[in-house]
Amino acid sequence: MRFTVREATDADLGALAALLTAVNPRHPWTEDTLRHEMTSLRTHPLGLHTAQWVAQAEDGRLLGAASALQFGGMYHPGRYHAEVAVHPEARGQGVGTALAATLEAHLHARGAQELLAGAYEDEPQSLAFLHARGFAEEMRFFDNVLTVADFDPAAWADEARLPSGLRVLSFAELAAEAGEDAAAHAFYEGFLEAREDVPRTGAATPVAFETFRERLGRPEFLPEGVLLAVTPEGEVAALSELYRDLHDPERLNTGLTGTRRAWRRQGLALALKLAALRLAHDRGVREVWTGNATTNAPMLALNDRLGFRPRVAWIEMKRGGL
């Protein structure tokens with residue numbers, strides 16, 4: 001098969017979203033979500049590096065793509081997240097090798113110190129591809145999926161109650177009460193502390209308010225799906241996020257669930273997860289997806305109690321170090 005490797009442009013975003021969805025249908029993309037993601041990275045105050053290439057057949061089809069990206073949530077100037085994705089129908093024809101060579105040359109020229117990449121545990125060829133290029137396993141994450149028809153909100157009535165004085169409000173409700181700016185700041189303060197203990201392969205980078213506020217503009221953002229435990233003073237003590245899935249209207253995806261340190265061990269995370277699942281139940285949603293590191297024992301135990309069941313693990317791999 002004859003193809004050309006070239007730099008990707010914004011004109012490729014629709015075809016690129018379709019390609020990435022074919023490669024990983026577990027987590028599909030739309031053109032809108034991909035455009036928002038790339039715009040957020042390119043305009044980030046840290047000056048994140050973004051580079052993308054596509055392998056294009058003579059008839060114009062995208063056969064594969066590669067990227068070298070930096071993310072603001074776990075930033076270091078020498079750290080890059082690398083990806084090579086080849087359409088299932090184009091594998092075994094040199095596309096991945098050509099894209100990897102372009103990616104390696106680019107990263108070498110930039111003096112990359114640490115590379116992060118990954119593949120699912122049921123993709124032996126992808127894992128072998130990474131091992132052959134010097135990557136080794138660093139962490140494992142897997143999708144946890146709950147079938148909403150199996151969840152009975154009435155069975156959890158006692159656990160759904162918050163400590164006296166706290167209220168469960170959605171972001172939409174808090175914004176209606178306090179104004180959107182005040183609600184966004186309260187959400188931000190709770191988010192900042194709750195995210196600090198999320199397992200990751202590197203240290204968390206501080207998040208500026210204006211960067212955080214872009215979450216509210218994501219195409220999949222669901223104001224009524226962001227559930228907050230709010231104190232009488234208007235502070236957010238805990239949160240649990242649900243987002244729309246733009247490919248599947250019967251699926252919701254969980255973002256961050258977490259509790260500020262002063263409020264832990266009082267059942268806030270469980271109460272908010274229950275509120276989120278009641279919302280999913282009332283909306284007629286089929287499935288709720290969440291992602292967990294295999295090292296996050298407390299959240300795994302909580303999700304298991306609620307009926308979430310793990311799927312195939314994503315193996316995060318690393319080459320080099322900082």
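Which residue in E8 is the bridge partner of Arg-167? That would be Val-230. This is a predicted model, so local features need pLDDT of at least 70 and side-chain atom pairs count only at pLDDT 80 or more, while totals for chains, interfaces and linings use all residues. Residues are numbered from 1 along each chain as its sequence is written, and side-chain values use heavy atoms, with hydrogens and water left out.

**The sheet**

- An open sheet of mixed pairing is built from 12 strands, in the order E1-E2-E3-E4-E5-E12-E6-E11-E10-E9-E8-E7; strands (E, at least two residues) and helices (H or I, at least four) are DSSP runs numbered from the N terminus, and two strands pair if DSSP finds at least two bridges between them.
- At the edges sit strand E1 (3-7) and strand E7 (167-170), each pairing on one side only.
- On average, neighbouring strands of this sheet are turned by 20 degrees against each other, direction ignored.
- E7 and E8 run antiparallel and are joined by 4 bridges.

**Helices on the sheet**

- Helix H8 (residues 268-282) packs on the sheet and touches E6, E7, E8, E9, E10 and E11, where contact means heavy atoms within 4.5 Å.
- The direction of H8 makes about 30 degrees with that of E9; axes are lines fitted to C-alpha atoms, for helices over the stretch in contact, and angles run from 0 to 180 degrees between N-to-C directions.
- Helix H9 (residues 297-306) lies across E6, E10, E11 and E12, at about 155 degrees to E11.

**Aromatic rings**

- The structure holds 8 aromatic pairs, counted when ring centres of Phe, Tyr or Trp (its six-membered ring) lie within 6.5 Å, with planes under 30 degrees apart called stacked, over 60 edge-to-face and the rest tilted.
- One of them is edge-to-face: Phe-171 and Phe-221, 6.0 Å centre to centre with 75 degrees between the planes.
- That pair links distant parts of the chain, 50 residues apart.
- Phe-171 is buried at 4% relative accessible area, and Phe-221 counts as buried at 6% (buried is under 20%, exposed over 50%, partly exposed in between, with a 1.4 Å probe and protein chains only).
- Tyr-188 and Phe-212 make a tilted pair, 5.3 Å centre to centre and 50 degrees between the planes.

- Glu-241 lies in strand E9 (residues 236-244) and is buried, with a relative accessible area of 0%.
- Leaving aside residues up to four places away in sequence, Glu-241 touches several residues, among them Phe-187 and Arg-215.
- Arg-218 lies over the face of Tyr-243, 4.4 Å from the ring centre (the cut-offs are NZ of Lys or CZ of Arg within 6 Å of the ring centre and within 35 degrees of the ring normal).
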